[in-house]
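This report describes a single protein chain from its computed geometry. Please consult the sequence and the model while reading.

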Amino acid sequence: SLHAESYRGVGDLRPFEAQPGNLIRFYGNQVWHYTVLNETDTTRVSLDFRVIREHQWSPAVFSIFQLGGHYSVMTPTGNMPHASHEMRGSRERYQSMPCPT
């Protein structure tokens, strides 16, 4: 189960409680959180979405991100293809490290 603080710095780490089919959204970049070993016979699924608005990107902060690697660019039609001209332009624009070959 995922445990998290209720507010930044409070330290009151408690498990999230949800029913099958429910989603939980929280700001994991702002509170301490962790998971515990799943010792049940039931599979636990976790999806991690990290979203950054384009206007909040800065080369100083995001110079270590590898666009097209672990991080990608979402467009209105889906993921930007890794080998596309647009992805190369984004890497140059945001001074992102090139995707490993």
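The sections below cover the basis of the report, the fold, the pocket, a surface patch and a salt bridge.

## Basis of the report

The model is predicted: local features need pLDDT of at least 70 and side-chain atom pairs count only at pLDDT 80 or more, while totals for chains, interfaces and linings use all residues. Residues are numbered from 1 along each chain as its sequence is written, and side-chain values use heavy atoms, with hydrogens and water left out.

## Fold and burial

The protein chain contains 2 helices and 5 strands, where helices (H or I, at least four residues) and strands (E, at least two) are DSSP runs numbered from the N terminus. Their order from the N terminus is β-β-β-α-β-β-α. Of the 101 residues in the chain, 19% are buried; buried means under 20% relative accessible area, exposed over 50%, and partly exposed in between (1.4 Å probe, protein chains only).

Pro15 has its place in strand S2 (residues 14-15) and is partly exposed, at 41% relative accessibility.

## The largest pocket

The largest pocket holds about 2,400 Å³ of space. A pocket is an open set of points on a 1 Å grid over the protein atoms alone, where a 1.4 Å probe fits, with protein on both sides within 12 Å along at least five of seven lines; lining residues have an atom within 4 Å of a point. The volume is the space filled by probe spheres set on the points, which are joined across faces, edges and corners.

The lining comprises 47 residues, and those closest to the pocket centre are Ile24, Leu47, Asp48, Phe49 and Arg50. Strand S3 (33-35), strand S4 (74-75) and helix H2 (85-93) each give two or more residues to this lining, and H2 gives the most, with 3. By class, the lining has 20 nonpolar, 20 polar and 7 charged residues. Ala, Val, Leu, Ile, Met, Phe, Trp, Tyr, Cys and Pro count as nonpolar, Asp, Glu, Lys and Arg as charged, and the others, Gly among them, as polar.

## A nonpolar surface patch

Leu13, Trp32, Tyr34 and Val36 make a nonpolar surface patch of about 410 Å². Such a patch joins nonpolar side chains (Val, Leu, Ile, Met, Phe, Trp, Tyr) within 5 Å, from residues with over 30% relative accessible area and no salt bridge. Areas come from the Shrake-Rupley method with a 1.4 Å probe. Val36 lies in the loop between S3 and helix H1 (59-62) and is partly exposed, at 33% relative accessible area.

## The salt bridge

The whole structure has 1 salt bridge, defined as a side-chain nitrogen of Lys or Arg within 4 Å of a carboxyl oxygen of Asp or Glu. The side chains of Asp12 and Arg14 form this pair, at 3.0 Å from N to O. Asp12 is buried, at 18% relative accessibility, whereas Arg14 is exposed, at 52%.

Methods. Patches are made of residues with over 30% relative accessible area and no salt bridge: like charges are joined within 9 Å, nonpolar side chains (Val, Leu, Ile, Met, Phe, Trp, Tyr) within 5 Å.
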